[in-house]
Protein chains: 2
Amino acid sequence: MAKTAITPTRADDYPELYQQVIRAADLAENSDVRGCMVIKPWGWAIWENMQRGLDGMFKATGHENAYFPLFIPLSFLQKEADHVEGFAKECAVVTHHRLVPNAEGKLIPDPASQLEEPLIVRPTSETIIGATYARWVQSYRDLPILINQWANVVRWEMRTRMFIRTTEFLWQEGHTAHATSEEAQEETMKMLGVYADFSENWIAMPVIQGEKTAGERFPGAVSTYTIEAMMQDRKALQAGTSHFLGQNFSKAQDIKFQDQNSAIQYAWTTSWGVTTRLVGAMIMTHSDDDGLVMPPRLAPKHVVLLPIYRNDEEKSQVLAYVNSLKQELEAQDYAEGKVRVMIDDRDIRGGEKNWYHVKRGVPLRAEIGPKDIAKNGVFLARRDTGEKAGVDRGELVATIGKRLADIQNNLFQRALKMRDENMRSIDTLDDFLAYFTPKNEDKPEIHGGFARCHFSEGPDLNEFLKKHKVTIRCIELDKAAEPGKCFLTGRPSAKRAVFAKAY
Amino acid sequence: MAKTAITPTRADDYPELYQQVIRAADLAENSDVRGCMVIKPWGWAIWENMQRGLDGMFKATGHENAYFPLFIPLSFLQKEADHVEGFAKECAVVTHHRLVPNAEGKLIPDPASQLEEPLIVRPTSETIIGATYARWVQSYRDLPILINQWANVVRWEMRTRMFIRTTEFLWQEGHTAHATSEEAQEETMKMLGVYADFSENWIAMPVIQGEKTAGERFPGAVSTYTIEAMMQDRKALQAGTSHFLGQNFSKAQDIKFQDQNSAIQYAWTTSWGVTTRLVGAMIMTHSDDDGLVMPPRLAPKHVVLLPIYRNDEEKSQVLAYVNSLKQELEAQDYAEGKVRVMIDDRDIRGGEKNWYHVKRGVPLRAEIGPKDIAKNGVFLARRDTGEKAGVDRGELVATIGKRLADIQNNLFQRALKMRDENMRSIDTLDDFLAYFTPKNEDKPEIHGGFARCHFSEGPDLNEFLKKHKVTIRCIELDKAAEPGKCFLTGRPSAKRAVFAKAY
C-alpha cells in the first residue's frame with residue numbers, strides 16, 4: 001500500500017482526514033474561545049482570494065460595499081416573527097459594558113453597567129440594515145439599493161467543525177431593496193448565479209442550483225435558493241444561499257416608498273451570503289490522502305521553486321537561476337492577474353521540504369539543481385495528478401498560464417465526474433434505504449450520495465428523514481416538472497428533490 | 001460674503017462643519033446602536049482604498065494576514081496588569097448565549113444560558129493573539145512572527161464622533177514576536193515609518209513622528225510611538241500608533257522559545273494599528289466650506305463626467321462623446337492603478353448635480369455639452385483649488401495622471417503650510433496660556449495650534465493640562481536633545497514635547 005502524507009485516509013475516516021488536512025496545510029486551528037477558530041496565514045490567503053473574486057463579481061453586477069453595526073438591539077430581532085424564531089436560539093448576548101474587580105480582585109461585569117436593552121452580536125443583519133434602509137428610502141427614485149457587507153457574524157453553535165460551522169464566522173451579506181417583486185426576484189436569482197459561477201470557475205466545485213423546501217427556508221424569507229455541492233464523502237454541503245424576502249422584512253421594518261403614481265408601497269427585499277465555509281468546501285472537494293489540493297485561482301502561490309545544491313558554489317549558481325526564473329514566471333499572465341511564485345530556500349531536507357508543499361496544496365512544484373540547470377530546465381511536479389517530468393525552462397515560462405488553467409479545469413472535471421457518478425434517481429423506499437444505509441458500521445459516514453426522489457413534505461417524511469439523518473437539499477431549478485409519487489408516503493409529487501446526508 | 005455649500009463654515013463651528021461635511025458627502029451616519037455608525041458606500045470606498053494601500057505596504061514589509069477570534073475570555077484580559085487597567089473600563093461583555101420569551105412573550109437572555117466565564121468583545125487583541133503565539137513558538141526558528149489582522153473592535157466610548165471615536169470601529173492590528181529586543185524595536189519603528197509614509201503619500205496629511213510620554217503609553221507597552229496630525233481647527237489627531245511591548249506580554253502569556261544556545265527565553269513583541277479614524281483625519285485635513293476634498297489616491301472616483309444636453313439629438317451626441325472619453329481616461333495610469341471615472345447622467349438640474357460632486361469631493365469634474373464637443377474639449381473644474389477652464393480633449397487624456405498627481409501634491413503642501421504656520425516653540429507660562437486660551441468665548445475650539453515646550457511630567461503638570469484641556473502629544477523623534485526648563489514648574493527638561501488640544 002502506498003504511503004500517504006495524511007493519516008487517516010479519505011476512505012478510512014473522512015471527518016478526521018479533514019481535520020488533519022487543515023492541520024498539515026497550516027490553514028487554521030481551534031482557538032481558546034469555544035467554537036471559534038484562528039485562521040492562519042495560508043488559510044487566510046485563500047479566503048482573501050475568495051473575497052477578491054467575489055467582490056469583483058458583486059461590483060460588476062452593480063453592488064457597492066458598506067458597513068453596518070456589529071450589534072443589534074434585542075427589540076429589532078423581535079420585529080419579524082419567523083426571524084426571531086430562527087435566530088434567538090443561538091446568539092451572543094451583550095448585557096454589560098464595564099468590568100470591575102470584585103472583593104477578591106477578580107474581574108466581573110459591573111452590575112452598575114447593565115444595559116437597559118441587551119445587544120445581540122449580529123447572527124445576520126436583515127434587521128439592523130432594514131432599519132437603516134427605512135430611513136434611506138422615501139421615493140421610488142431611491143430604489144434599488146444594492147449593497148453588500150463583508151463582516152463577521154456569530155451564531156452559538158453546539159457542534160462546530162473548522163470552516164464548516166463555527167461560532168464566529170466571516171461572510172459577505174448582500175441586502176437589496178427594490179420597487180417591484182419581479183425586480184427583487186430577478187436580483188435573488190442573479191446572485192445565486194454569481195455564487196454558482198464563482199463556485200464552478202474559482203473553486204472548481206460543481207454545484208446544483210435549487211430552491212429550498214418550506215422546512216429549510218431562511219427564517220422570514222418567502223423563498224430561499226441554494227447552491228449545493230458534493231464533498232468527497234458524498235455528503236452535501238450548502239455552499240451559498242440567496243433569499244427572496246418579499247415584503248416580510250420591509251413591513252416589519254417600515255421600508256416604504258412613494259411610487260410613480262404617488263401611492264405608498266412597501267419595498268421588496270433580498271439577502272444573499274456566502275461564508276468562510278467555502279474554504280472548507282474547497283478543502284473537501286479537492287484534497288486527497290496527501291493533503292490539501294487547491295484550484296490555482298484560489299492558491300496563494302501557484303508555483304514553488306525548490307533550489308537544490310550541495311556546496312556554496314552550487315548554491316550561488318542555483319539561486320541566481322531560481323531568482324531569474326521567478327521573475328520570468330511572475331511576469332506571465334494567469335486568470336485575472338499574474339503568476340504567483342515563491343522560492344523555498346530553507347535549510348531543511350529536500351524530501352521534507354517537498355512534502356511540506358504537497359501538504360499545503362501548491363499546484364506546481366519545481367525542483368532545480370545543477371543537473372537541471374545544465375539542461376536549462378526544471379523538474380516539475382503537478383499536485384493534482386502527481387505527474388512529474390523534466391521541463392525546458394523556456395517551455396515552462398511560455399506554458400505556465402496554460403498549465404495552471406489545465407489544473408483548474410482538471411479539478412473541476414474530476415469533481416464533476418465524482419458527483420455525477422454518485423447521483424441517481426430513486427423511486428422506492430427499499431432503494432432509498434439501501435442507498436443511504438451504511439454498508440459498514442465502522443464507517444457510518446459513507447453512503448450512496450445524492451438521490452433525486454419524488455416527495456411530499458409532512459411530519460411523516462420529516463420524521464423518517466431525521467431518523468436516517470438524510471435531508472432534502474433542494475428542488476433543482478433546471479428540471480422540468482415531472483409528476484410522480486413520494487417514495488415514502490406514495491402521495492402525489494410534482495417534482496423531484498435532491499436528498500443527501502449533509503454537513 | 002460668498003455662499004458656501006456647507007453651513008456652518010470652518011471658521012464658525014468646526015465640529016459642526018465636520019458632521020455636515022460627512023452628511024453632505026454621504027459618507028456615514030449614526031446608527032440605531034448607541035455610538036456605532038453606518039459607513040455608507042462613498043465612505044466605505046475610501047476606507048477600502050486605505051485598506052488596499054496599507055495592506056500592500058504591510059505585505060511589502062514581510063507581513064502576512066490572519067484572523068483571530070472576536071471574543072476574549074475574561075480571564076485573558078486579567079493576565080497583563082496594566083492592560084486590564086486600560087481596557088476593563090470600557091468593553092462589551094457577553095454573558096449569555098440564548099434568548100427566550102418571558103411570560104409576556106418579550107425576549108430576554110435565557111438565565112439557563114449564562115456563560116461560566118463571560119466573553120469580552122475584543123477592544124484589542126494582544127491577549128488572545130499572544131495566547132496563540134505561545135502555542136506557535138518553541139524555537140528561535142519559529143521567529144519572527146509577522147502577522148496583521150483586519151478586524152472590528154469595540155470600546156465602550158461615552159462621547160463619540162463619527163470616524164474619530166466610535167464604540168465599534170474597524171482597524172488593522174499588527175502583532176509581531178521576535179527573538180531579540182533590537183529586532184522588535186526595529187519592527188516598531190519600521191511600522192511607524194509605514195504609517196507616516198501612508199499618511200503623507202496617500203492621505204496627503206503631514207504627520208509628526210514621536211514617542212508618547214509615560215502617561216500616554218498603550219496599557220502594557222514599554223514604549224508607544226505615534227503619528228500626530230494637525231486638523232484645520234489646529235487640534236491634534238493621533239493617527240496611528242506602534243508599540244514596543246518588550247517582554248511584558250510574552251511573560252504574561254508565556255511566549256517563550258529555545259534560543260540558538262538552547263536557553264529558554266521570552267519573546268519580544270510589538271503591536272501597531274490604524275483605524276477608520278483615518279477617514280476622519282482625511283476629512284478634517286482637506287475639506288473646505290463646500291464639503292469634502294479628497295486626495296486622488298484615496299478618491300473612489302478621480303473624475304466625474306457631466307453630460308449636458310437639451311434634446312434627444314444632443315443627448316445621443318453628448319453621451320457618445322462622454323462614453324468614449326471615459327474609456328480613454330480609464331486606460332490612463334495614475335499612481336498604483338488606472339484613472340477611475342464615472343459618468344453622472346441623472347436627470348436633475350445641472351447646478352444641483354455639480355454641487356453634488358463638489359460636496360462629495362471628486363477631484364476633477366468635467367462638464368461636456370455640444371459647445372465643448374464642437375471645440376473637442378471639456379470644461380474642467382478642480383475641486384481643491386476651484387480652478388475652472390476649457391481643456392482640449394487630447395490634452396486632458398495625456399495629462400490626467402499628472403493633473404491628479406498635482407492635486408495630491410497641492411493638498412499635501414497646503415496642509416503642511418497650514419501646520420507649520422501654526423506650530424511654534426513656547427517657553428513661558430504666559431505665552432502658553434495666551435496660545436491655548438480661547439480669544440473668543442463663542443468659539444472655544446479655536447486656539448494657537450501645536451506648541452513645542454520643555455516639560456517635566458508630574459501631578460502638577462497633569463492637573464494644569466487637564467484644566468486647560470491641553471495634552472502632550474509626543475516627543476518628536478527627529479529632534480536632538482536640547483536641555484531646558486519646564487514652562488510650568490521650572491524643573492529641568494531634556495527635550496521638548498509637542499503640546500496641543502486634541503481629538
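Biologist: Hi! Which residues of H5(A) are buried?
Modeller: In H5(A), the buried ones are A:Glu126, A:Thr127, A:Ile128, A:Ile129, A:Gly130, A:Ala131, A:Thr132, A:Tyr133 and A:Trp136. Buried means under 20% relative accessible area, exposed over 50%, and partly exposed in between, using a 1.4 Å probe and protein chains only. Nine of the eleven residues of H5(A) are buried, so this helix is largely enclosed by the rest of the structure.

Biologist: Thanks. What should I keep in mind about the model and the labels?
Modeller: This is a predicted model, where local features need pLDDT of at least 70, side-chain atom pairs count only at pLDDT 80 or more, and totals for chains, interfaces and linings use all residues. Residues are numbered from 1 along each chain as its sequence is written, chains are lettered from A and ligands numbered from 1 in the order in which they are written, and side-chain values use heavy atoms, with hydrogens and water left out.

Biologist: And what counts as a helix or a strand?
Modeller: Both are DSSP runs numbered from the N terminus: helices are H or I with at least four residues, strands are E with at least two.

Biologist: Where else can I find a cis bond in chain A?
Modeller: The bond from A:Thr7 to A:Pro8 is cis too, with omega near 0°. A:Pro8 lies in the segment before H1 of chain A.

Biologist: Changing topic: how many residues of H8(A) are buried?
Modeller: Ten of its ten residues are buried, and H8 (residues 277-286) of chain A is mostly covered. Among them are A:Arg277, A:Gly280, A:Thr285 and A:His286.

Biologist: What do they pack against?
Modeller: In chain A, the buried residues of H8(A) pack against helices H1 (14-24), H2 (41-60), H6 (181-201) and H12 (393-421), plus strands S13 (236-246) and S16 (268-275). Contact here means heavy atoms within 4.5 Å.

Biologist: What is the angle between H2(A) and H8(A)?
Modeller: H2(A) and H8(A) pack at about 110°, and their axes are 10 Å apart. That makes H2(A) roughly perpendicular to H8(A). Angles of 65 to 115 degrees get that label, while under 35 is roughly parallel, over 145 roughly antiparallel and the rest oblique. The axes are lines fitted to C-alpha atoms, for helices over the stretch in contact, with angles from 0 to 180 degrees between N-to-C directions.

Biologist: Which residues make that contact?
Modeller: A:Ile46, A:Trp47, A:Met50 and A:Leu54 of H2(A) meet A:Leu278, A:Val279 and A:Met282 of H8(A). The contact residues divide into seven nonpolar, no polar and no charged. Nonpolar here covers Ala, Val, Leu, Ile, Met, Phe, Trp, Tyr, Cys and Pro; Asp, Glu, Lys and Arg count as charged, and the others, Gly among them, as polar.

Biologist: How about H1(B) and H8(B) over in chain B?
Modeller: Helix H1 (residues 14-24) and helix H8 (residues 277-286) of chain B pack at about 110°, with axes 11 Å apart. H1(B) is therefore roughly perpendicular to H8(B). From H1(B), B:Tyr14, B:Tyr18, B:Val21 and B:Ile22 meet B:Gly280, B:Ile283 and B:Met284 in H8(B). The residues of this contact divide into six nonpolar, one polar and no charged.

Biologist: Last one: which residue other than glycine has a positive phi near 55°?
Modeller: That's A:Lys469, in the loop between helix H14 (459-468) and strand S26 (471-476) of chain A. A:Lys469 is exposed, with a relative accessible area of 65%. A:Asp254 also has a positive phi, about 65°, and is partly exposed at 37% relative accessible area.
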